[in-house]
Amino acid sequence: MAIKSDEVRKKRFEWLQHAANNGLMEAQELVAECYEKGRGAEHNDKKAYQWYKKAAAQGSEYGKIKAKEFELFKFYR
């Protein structure tokens, strides 16, 4: 039986979320991307922003950039 790509994305998201909830900065960035792009999780800009902010708080430059992008272009149009 072949594994469907949606199933793989959902499973990947579950593992990423577990790691992100345990404070892994890189996983927090990836969970944010999943929410932002709707891959493995329902598209949700608010949750994506929250996860980018968590990554930024741990020193992620990417998280800082993406959080600022949300503030400037997605939430304040």
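Me: Is Trp51 buried or exposed?

Reply: A residue counts as buried when its relative accessible area is under 20%. In this predicted model, Trp51 has a relative accessible area of 8%, and is therefore buried; Trp51 is found in helix 3.

Me: Which residues is Trp51 in contact with, leaving aside its neighbours within four places in sequence?

Reply: With those neighbours set aside, Trp51 is in contact with Gln17, Ala20, Asn21, Gln28, Val31, Ala32 and Tyr35.

Me: Which residues of helix 1 are buried, and how should I read their positions?

Reply: An α-helix has 3.6 residues a turn, so residues three or four places apart point the same way. In helix 1 the buried residues are Phe13, Leu16 and Ala20, and because they cover an arc of only 70° around the axis, they are on the same side of helix 1. These buried residues pack against helix 2 (25-37) and helix 3 (45-57), whereas the face turned away from the buried side carries the exposed residues Lys10 and Trp15.

Me: What span does helix 1 reach, and what follows helix 1?

Reply: Helix 1, residues 5-21, has 17 residues and reaches 24 Å from its first C-alpha to its last, close to the 24 Å expected at 1.5 Å a residue. Helix 1 is followed by Gly23, whose phi is positive, near 95°.

Key. Residues numbered from 1 in each chain as written. Predicted model: local features only at pLDDT ≥ 70, side-chain atom pairs only at ≥ 80, totals over all residues. Heavy atoms only, no water. Helix = DSSP H or I, 4+ residues; strand = E, 2+ residues; numbered from the N terminus. Expected span 1.5 Å × (residues − 1). Buried < 20%, exposed > 50% of the residue type's maximum accessible area, 1.4 Å probe, protein only. Arc of directions from axis to C-beta. Contact = heavy atoms within 4.5 Å.
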